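Here are a few friendly notes to read beside the model. Take them in order, and keep the structure open as you go.

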Amino acid sequence: MGEVKTPRQWFLWSIALVYVCAFASIYVQIPGLYGDEGILPVRLQMPKVQRPLLEQESLLGLGPFLGLAPQQVLELTCLVGVALALCAVLLEPLRDSLIYFLLRLLYLSLYNVSIMDVLLLEAGLLAVLVAPLGLLRRRSSYRYHDPVSFWLTRWLFFRLTFSTGVSKLASGDPAWYDLSALSHHLENQMNPTPLAWYGHQLPDWLLRFGAVVVLQSEIIVPLVTFFAPIRRLRLFGFYVQLFLQLYYILTGNCSLLNLLSITLSFSLLDEEHFNSNTGPKKKKGQEKKPGSCGQMVSYLMLLVELAVYLFILYCFITLFKLQINWEEKTLSSKTNFTQKEFHAFLEVFQELTIWIGVLSFTWEVVSAMLNCVCTRGIVSKLWSLIQWALITAAAAAVFALSVVPYTSMAGMSASKVLPAVQDMYSAVERYQLVGAYGIQHRMISTKGRPEIILEGSYDGLTWTEMNPMYKPGNVNAVPPIVGPHQPRLEWLMWQAAQGGDDTSPWFTGLLQRLLQGKPEVVGLLQVDKAQYPFSQKPPVFIKAKLYNYHFTDPTKDKTHLQAWWRRQYKREFFPIVNLDDPTLEKLLEKAGLKEKFPAQTGSDTPVSQAVSLIRDHVKGLSGSLLLSTLLATLAGIFLIKAVFSWFLGGRKPRPASADHKTRKPKEPSETAEKSQAAAPSNRGGKKDSNEKKDSDKSPRKRK
């Protein structure tokens with residue numbers, strides 16, 4: 001693989017942007033989720049015996065030193081994370097290893113006390129290895145070992161994509177084996193968009209073919225393209241995954257998983273892909289014609305590339321029995337393998353993919369070492385080799401650790417992993433250096449989308465629904481556009497409805513806070529008070545029902561043309577309770593949510609005042625509105641920078657002097673060769689340049 005300077009910058013920029021969305025999204029929800037008046041107060045989760053600061057798993061131990069309450073520590077963590085990530089997005093010099101280390105430390109602290117994305121923790125660790133360490137030096141430049149550390153992002157992207165696809169079939173999900181999963185997924189996903197409703201109206205044969213495309217894109221395409229030595233195959237894999245993620249975003253809102261998948265996909269690109277259209281064009285006379293050996297290699301690579309495309313097409317036709325009905329103009333598809341046969345496939349290809357990763361990683365390591373050896377100057381060569389050795393050791397350790405969770409996916413055995421690697425993984429597991437993806441695949445419901453509907457009443461006779469902002473409730477409400485905001489309460493309710501669990505501590509805390517009318521928790525359901533029926537007075541009684549939701553079908557539901565959903569009552573999810581109900585008291589006691597001591601109030605320090613002031617300014621804003629404002633502001637700043645760059649670059653240069661006019665302009669190729677020759681700033685380089693100057697000044701040279 002060629003140079004990765006530009007893809008690396010895109011990766012680091014995107015990771016910083018994902019951090020902005022992650023920290024800002026959880027910051028808005030902290031008061032309602034983990035605040036003193038929230039569903040699960042974080043102060044109740046703190047250990048009674050304080051441990052040393054370095055032994056704690058989160059930054060909550062800094063609260064007493066800063067005069068902050070536990071809730072304010074979480075808010076300060078998010079604010080610092082947003083500030084650092086914004087700086088990294090806007091300023092390239094701040095996309096530094098030290099900045100990404102601090103961002104990961106802050107996010108890990110939130111992960112240990114709340115529900116956060118594991119994938120961002122591993123991608124954040126890779127950003128620490130990929131980013132240059134330039135803040136402690138005057139300048140940071142491209143390093144020869146960058147392809148080694150950047151290769152880890154491609155390995156993570158492969159594990160994520162391949163494991164996600166494999167888990168669909170390894171779990172034995174009937175919806176994926178009969179290829180009806182896509183139709184059910186459109187209405188069962190976390191936050192469907194209006195486009196998901198329109199997609200659900202597509203013909204059944206087209207949705208079945210879409211399920212085949214998804215399985216092929218997540219299983220076959222990564223196998224044959226991600227580590228291919230042919231550049232065009234990697235580009236093919238990149239665009240396949242890009243279009244797949246865009247489909248998920250358009251039909252299911254933009255989540256952190258989608259953003260991180262696109263971010264990791266940059267590892268399939270190289271410098272040539274970005275500079276092919278922007279580089280200087282050579283004249284016809286300057287173009288070098290490849291020799292006979294070069295032409296033979298290019299033809300051979302083209303044949304291999306065509307063979308890969310034909311293999312993908314062969315898998316489409318044979319594995320899923322694709323047949324075209326020309327009379328009806330339809331395409332039929334059906335899986336041509338059983339679950340037992342698929343597990344046999346995993347047993348073979350699980351170990352094969354690991355060895356492919358080893359070979360690809362070894363190639364990058366050897367190539368980087370050769371580049372270091374070819375560096376001019378003894379000091380520069382030694383320093384480059386030291387950096388290469390350190391980065392290679394760190395990358396090899398991360399790769400070895402990642403094999404443990406990768407082999408734990410459904411149908412695979414971890415017995416082939418070395419015991420030393422398993423022991424090392426167990427020792428560092430709490431730091432979330434690597435993660436397992438696709439293991440806990442949830443079966444797609446073919447009976448509709450289960451949803452928990454909360455109802456409140458003042459007298460126990462008349463009940464009113466409390467519909468949340470970001471999930472189906474009112475059948476006539478348009479599916480919301482959430483964007484990169486991650487509504488945690490809706491996610492918890494969606495998970496509880498899928499699993500049928502009504503005894504979770506968070507659900508008990510939710511009922512208690514709604515009965516108390518706490519505005520922080522009410523704001524998680526509805527920011528607009530006009531949309532919340534109990535904004536003036538909290539309900540006396542609350543109950544929860546479970547419904548099955550389906551997208552409406554205009555060809556069948558003639559009486560509900562204005563509705564997006566139709567629903568059917570399934571069962572009672574939680575019985576009627578009030579604040580004095582013994583059942584609720586018992587559940588609160590069991591969950592450890594009984595108020596045994598008063599809430600801690602922070603000291604009146606400048607830091608505490610600043611945190612409270614910022615909270616007062618964003619109070620009442622929804623998470624989607626806050627993130628949209630942040631992203632729009634960033635887009636405006638980049639637009640202004642682009643306009644200024646165009647304006648300054650478009651100005652006419654000053655007229656050159658007579659001496660400059662007589663000089664012959666250098667060709668771009670000569671300039672590039674001289675800049676590369678002068679790149680290593682070492683004594684050897686300076687000596688060579690001095691010798692050249694002396695030779696230019698010699699009498700023979702002047703003649």
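1. Let's begin with a pair of strands: β3 (residues 449-457) and β5 run antiparallel and are joined by nine bridges. Strands pair when DSSP finds at least two bridges between them; strands (E, at least two residues) are DSSP runs numbered from the N terminus. In this pairing, Ile 453 stands opposite Lys 545 of β5.

2. Before going further, note that this is a predicted model, where local features need pLDDT of at least 70, side-chain atom pairs count only at pLDDT 80 or more, and totals for chains, interfaces and linings use all residues. Residues are numbered from 1 along each chain as its sequence is written, and side-chain values use heavy atoms, leaving out hydrogens and water.

3. Now look at the other partner of β5: nine bridges link β5 to β6 (residues 565-577), again antiparallel. Here Lys 545 faces Glu 572 in β6.

4. How many disulfides does a search of the whole structure find? The search finds zero, a disulfide being a pair of cysteine sulfur atoms within 2.5 Å. For Cys 254, the closest cysteine sulfur belongs to Cys 21 and lies 7.3 Å away, too far for a bond. Cys 254 is also buried, at 14% relative accessible area.

5. Finally, please check the confidence, or pLDDT (from 0 to 100 for each residue). The chain averages 84, and 83% of the residues score at least 70. Over residues 655-703, however, pLDDT stays under 50. Where pLDDT is low, predicted coordinates should not be read in detail.

How values were computed:
Buried means under 20% relative accessible area, exposed over 50%, partly exposed in between (1.4 Å probe, protein chains only). pLDDT is the predictor's confidence in each residue, from 0 to 100. Contact means heavy atoms within 4.5 Å. Helices (H or I, at least four residues) and strands (E, at least two) are DSSP runs, numbered from the N terminus.
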